[in-house]
Amino acid sequence: MAGMRLLPEDSLEANQHLSAAAQQFQTGREVASDDDRSVAADSWSIKSDYGSTLDDEQRHADAAEALSSAANFRPASDYSSDKDEPEADAMTSMFGLQSYWDAAYLDEIANFREHGHVGEIWFGTDVMDTVISWTKNLCIDVSQGHILNHGGEAKSQSVEQDDKYLSSWSVLDIGTGNGLLLQELSKRGFTDLTGTDYSEGAVDLARSLADRDGVLNIKFLVDDILETKLDRQFQLVMDKGTFDAIGLHPDGPIKRMMYWDSVSKLLAPGGKLVITSCNHTKDELVQEVENFNQRNIATPQEPNTVKDQVTQNDHPQFRYLNHVRTYPTFMFGGCVGSRVATVAFQRN
């Protein structure tokens, strides 16, 4: 087992009242300010039922139909919920709704304007630094044509850490929140950077922080990953917690299917998705991709245009590339696990 969920310290008994998903969602945060009102984190590109459009309703219906027809595919282990734990269900619903994050970012913006606080860094600065360094090395390896062996490790070769490779990568951060992940990527040599979030408050905060810090090469846009209006594709898509929040929505299974459909359209052929999760193990994320691949082949849709026909004939699918192996681990029930998983996939 590549990883497993870790209960927060001194709260094992609380697991009787909160699901593992809600616990991880609570403990995956590092507060960057000590202001009591700082309650938000990286926001998630999902949309609540409030304000959904007719197109969105149709997409829900299509996803529900696909979910029903794909019943023979093995779902990720956390698709089911415990009906005997209503408090956990309520917690799950709250973190999965846009209304929660909109309210939270009102506090974040107020804290920034009054005290200069940047808000919360989801999963903590150590994890963010690991993700950034690991992703930078991955992109350099790919740019130099390095091949991954069957174990997922890059072959042992001397890699010149030259930022010239990174300037050619177009990067999208979905659910960008305060945008600090993109700021750090900019410092490491990436130049074509875009951050999206469905919460206007998050985008306002990200823009304010970038302006304050003099980082002017990042585009921040209000956009919902599940019904994205972006008209371009990216070579690298970053997801730090967005997929977790989608799973915490009451319609999590359907929205996760919509997530993979959208990400596959935003990634250029050969593009890389780097997803960091505190509520899914590496193996569970790989299973999610396998489920998407099977659905994509089994339920082709009627194309509306020649471009759609070409896209569907290609059957854009993901394959596992590699994962971070340096996170601290722990033993539980005879298994070795880690609190966070970061996995890279490639769109074929």
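W122 is buried, with a relative accessible area of 0%, where buried means under 20% relative accessible area, exposed over 50% and partly exposed in between (1.4 Å probe, protein chains only). This is a predicted model, in which local features need pLDDT of at least 70 and side-chain atom pairs count only at pLDDT 80 or more, while totals for chains, interfaces and linings use all residues. Residues are numbered from 1 along each chain as its sequence is written, and side-chain values use heavy atoms, with hydrogens and water left out.

**Exercise 1.** Classify the pair formed by the rings of F243 and Y259.

Solution. Rings of Phe, Tyr and Trp (its six-membered ring) pair if their centres lie within 6.5 Å, and planes under 30 degrees apart count as stacked, over 60 as edge-to-face and the rest as tilted. The centres of F243 and Y259 are 5.0 Å apart and their planes stand at 50 degrees, so the pair is tilted.

**Exercise 2.** Locate F243 and Y259 in the chain, and state their burial.

Solution. F243 belongs to helix α8 (residues 242-247) and Y259 to helix α9 (residues 252-266), so that the pair links distant parts of the chain, 16 residues apart; helices are DSSP runs (H or I, at least four residues), numbered from the N terminus. Both residues, F243 and Y259, are buried.

**Exercise 3.** Which residues form one aromatic cluster with F243 and Y259?

Solution. The cluster is formed by F243 and Y259 together with W260, F292, F318 and F345.

**Exercise 4.** How many residues of helix α6 are buried?

Solution. Helix α6 (residues 180-187) has seven of its eight residues buried, among them L180 and Q183.

Note on methods:
Helix = DSSP H or I, 4+ residues; strand = E, 2+ residues; numbered from the N terminus.
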